[in-house]
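Hi everyone, thanks for making time today.

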Amino acid sequence: MAALERLSSEHREVIVETYLRGRSYDELAADSGVAPGTLRSRTFYALKSLRATMREMGVSL
Amino acid sequence: MRAEDHQDLRELLGAYVLDQLSASDRTAVADHLTTCPACRAEAAELEPVVSALLLLDPTASGNAAPPPDLGARVLQMVDARRRTAARHSRLRRGAGAVLVAASVLAAFGFGSWFGGPRNAPPVIDVALNLDVPGLTADAGLVRHTWGTELKLEASGLTDGASYTVTFVRDNGSRVGAGSFLGTGAKPVRCSVNAALPLDAASQLVITAADGTVVMNANLP
């Protein structure tokens, strides 16, 4: 779980829910109370953060 | 273009590279990319992350270890995406690609998040607080690779009324697990699922349509 925690829970959730589980932003917005637009921008920062995490782990991208 | 338009479109790049945008948003971002080198560069930076994410299959239960053909699959994907940037030797690119995938697996805690026991997992008893007179219920939780299942048997819920099951995380955020109908004195037996790991759930709440809590439990 230590590695999992390297992403913030908000970042992890938006990727897991919308991408890995294929849920729509509207659906996730209804569940979480966060606006779809905010969730979409969160995806952007989540991917950036994931990239940074991968670099920290020594991956050359 | 106004600065805030640029910022709005830039923040759509994540959903864009994951192919999650509506046709109109996708076109808007694609148009923007033709005129904005900064956003083009950002989108290109996210590509290897997407390549690695493609390898994560949440339905591949029990896949705690990477599949044997992982290296070949990553190579293929990254190769296709990065053909234009073929500055490195084949060997280095291959090794890098495998590392990319492996690090994403690790970043998502692949072993613990998607992993778990391979055989039928045990049902974990839950001590329910029952908040309605005449209500009796038994509940158990099952730890799955893809989330948490609640098995519930209850009688004394209003016949035909809808009840909603929600898991609550430590930070108070909620994950819906589904809903079911009461069957009066006849016991209702149902199973609902939520997309969160059992370890991340701190509370279970079952509410009536008007929001009244009818059952809840604190999870270990």
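Predicted model: local features only at pLDDT ≥ 70, side-chain atom pairs only at ≥ 80, totals over all residues.

Residues are numbered from 1 along each chain as its sequence is written, chains are lettered from A and ligands numbered from 1 in the order in which they are written, and side-chain values use heavy atoms, with hydrogens and water left out.

Okay, the sheet around that pair. Helices (H or I, at least four residues) and strands (E, at least two) are DSSP runs, numbered from the N terminus, and two strands pair if DSSP finds at least two bridges between them. With that in hand, chain B has an open sheet of four strands, in the order 1-3-4-7, with antiparallel pairing. Its edges are strand 1 (123–126) and strand 7 (188–194) of chain B, each pairing on one side only. On average, neighbouring strands here are turned by 25 degrees against each other, direction ignored; angles run from 0 to 180 degrees between N-to-C directions, and axes are lines fitted to C-alpha atoms, for helices over the stretch in contact.

Now look at strand 4 of chain B, residues 148–155. On one side, eight antiparallel bridges tie it to strand 3 of chain B, residues 136–143. The hairpin of strands 3 and 4 of chain B has four residues between the strands, and there B:Gly147 takes a positive phi near 155 degrees. Strand 4 of chain B also pairs with strand 7 of chain B, antiparallel again, over seven bridges. Six of the eight residues of strand 4 of chain B are buried (under 20% relative accessible area, with exposed over 50% and partly exposed in between, using a 1.4 Å probe and protein chains only). So strand 4 of chain B is largely enclosed by the rest of the structure.

Chain B has another open sheet, five strands in the order 2-9-8-5-6, antiparallel too. Strand 2 (129–130) and strand 6 (174–181) of chain B are the edges. Two bridges join strand 2 of chain B to strand 9 (residues 213–218) of chain B, and one pair of bridge partners is B:Asn129 and B:Asn216.

On to the helices. In chain A, helix 2 (residues 25–32) and helix 3 (residues 36–56) pack at about 110 degrees, axes 9 Å apart. That makes them roughly perpendicular (65 to 115 degrees; under 35 is roughly parallel, over 145 roughly antiparallel, the rest oblique).

Where do the chains meet in this picture? Helix 3 of chain A packs against helix 1 of chain B at about 65 degrees, with axes 8 Å apart, so these two are also roughly perpendicular to each other. Contact means heavy atoms within 4.5 Å, and here A:Arg40, A:Ser41, A:Phe44, A:Tyr45 and A:Lys48 meet B:Gln7, B:Arg10 and B:Glu11. The buried residues of helix 1 (residues 3–11) of chain B are B:Leu9, B:Arg10 and B:Glu11. That's my tour, thanks!
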